[in-house]
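Me: I would like to learn how to read the features of a model from its coordinates. Please take them one at a time.

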Amino acid sequence: MADLPEGLKYLPGYLDRPAQEGLVDLVRHAVADAPLYVPVMPGTGKPMSVQMTNLGPLGWVTDKERGYRYQATHPVTGKPWPAIPEALLSLWDTVSNYPEPPQACLVNFYADDARMGLHQDKDEKNFAAPVVSISLGNTCLFRVGGLNRKDPTRSFRLASGDVVVLGGASRLCFHGVDRIYPDTSTLLKNGGRINLTLRRVTLL
Ligand code: MD3
Ligand code: FE
């Protein structure tokens with residue numbers, strides 16, 4: 001695809017249907033232990049439209065008082081996050097070209113009316129490691145810009161089974177999810193979209 005930022009690797013249809021079903025099953029089991037919750041914006045306490053949970057030694061959380069951060073425990077249950085399943089560790093090994101395993105797997109659940117505004121991922125201390133994104137369920141309209149909020153953006157669709165590796169210069173590009181297209185996948189019984197992002201948080 002023309003004009004995508006340097007270091008962004010788009011792997012459409014990377015996961016076949018059985019592999020996607022396997023991941024949905026793993027996510028369902030994880031969510032039974034670490035329920036989806038509604039994160040709120042720092043300062044305002046305004047709820048995000050995306051529901052979240054995490055897998056791995058660290059998870060990305062946000063609340064009104066303490067803001068965006070990584071922590072080892074679920075903010076509602078207080079329990080450690082479930083482990084990152086082997087299938088995801090192995091996917092990271094294959095596509096990331098990074099020598100250490102991911103420390104966090106953020107699980108984003110988008111109902112068909114959810115979205116995520118344009119932002120940068122900069123709560124990690126390690127920007128050398130890529131972010132690996134896996135899309136499951138309904139197709140979304142994804143937007144990626146440059147290193148400054150006002151830079152021009154490009155939009156493309158991410159469908160179920162697509163994988164994106166955000167490395168190099170693309171790692172700090174502004175990005176967001178503008179919309180979900182209802183009824184574009186049969187993977188999730190009740191519609192919506194799941195995105196899994198695998199990340200390194202610390203510097204070794
Ligand atoms: C492009 N999630 O959780 S993942 C997020 O589809 C997030 O749920 C989106 O943005 C989602 O922070 C997009 C893919 C992604 C992750 C990091 C990026 C795209 C990126 C960093 C730079 C550019
Ligand atoms: Fe992001």
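Me: How many bridges join β7 to β10, and do the two run parallel or antiparallel?

Reply: Keep in mind that this is a predicted model. Strand pairing is read from the bridges and the sense of the two strands. Here β7 and β10 are antiparallel and are joined by 4 bridges. One residue pair to look up is Ser 133, whose bridge partner in β10 is Val 164.

Me: Over how many bridges do β7 and β12 pair, and in which sense?

Reply: This pairing has 6 bridges and is antiparallel. To place it on the residues, take Ile 134, which has Leu 196 of β12 as its bridge partner.

Me: Is β7 mostly covered or mostly open?

Reply: A strand's cover is judged residue by residue. In β7, 7 of its 7 residues are buried, and the strand is mostly covered.

Me: Which residues have the most contacts inside the largest nonpolar core?

Reply: They are Leu 88, Cys 105, Val 107, Val 132 and Leu 196, in a core of 40 residues. The largest share of that core, 5 residues, belongs to strand β5, residues 104-110.

Me: What does Val 107 touch, leaving out residues up to four places away in sequence?

Reply: With those sequence neighbours left out, the contacts of Val 107 are Val 27, Met 52, Thr 53, Asn 54, Leu 55, Ile 194 and Leu 196.

Me: Which residues come nearest to ligand 1?

Reply: For a ligand, list the shell, then ask which elements supply it. The shell of ligand 1 has 16 residues, and Asn 108, Ser 133, Cys 173, His 175 and Asn 195 come nearest. At least two shell residues are supplied by each of β5, β7 (131-137), β10 (163-166), β11 (175-180) and β12 (193-199).

Me: How do the residues of that shell divide into nonpolar, polar and charged?

Reply: The shell around ligand 1 has 8 nonpolar residues, 6 polar and 2 charged.

Me: Why does Pro 47 count as exposed?

Reply: Pro 47 counts as exposed because it has 11 inside 10 Å. Pro 47 sits in the loop between α1 (17-33) and β2 (51-55). Beyond residues up to four places away in sequence, Pro 47 touches Val 38 and Val 40. Its C-alpha atom is 9.1 Å from that of Asp 63, 16 residues away along the chain.

Me: What is the phi of Asn 97, and where is this residue?

Reply: Asn 97 is not glycine, yet its phi is positive, near 55°. Asn 97 lies in the loop between α2 (86-96) and β5. It is exposed because 12 other C-beta atoms lie within 10 Å.

Me: Where is Leu 203, and what does it touch?

Reply: Leu 203 is in the segment after β12. Not counting residues up to four places away in sequence, Leu 203 touches Lys 125 and Asn 126.

Note on methods
Residues are numbered from 1 along each chain as its sequence is written. Chains are lettered from A and ligands numbered from 1 in the order in which they are written. This is a predicted model: local features need pLDDT of at least 70, side-chain atom pairs count only at pLDDT 80 or more; totals for chains, interfaces and linings use all residues. A nonpolar core is a set of buried Ala, Val, Leu, Ile, Met, Phe, Trp, Tyr and Cys residues joined through C-beta atoms within 7 Å. A residue is buried if 20 or more other C-beta atoms lie within 10 Å of its own, exposed if 12 or fewer, and partly exposed in between; C-beta atoms are placed from the backbone. Two residues are in contact if their C-beta atoms, placed from the backbone, lie within 7 Å. A residue is near a molecule or strand if its C-beta atom, placed from the backbone, lies within 6 Å of it. Ala, Val, Leu, Ile, Met, Phe, Trp, Tyr, Cys and Pro count as nonpolar, Asp, Glu, Lys and Arg as charged, and the others, Gly among them, as polar. Two strands pair if DSSP finds at least two bridges between them.
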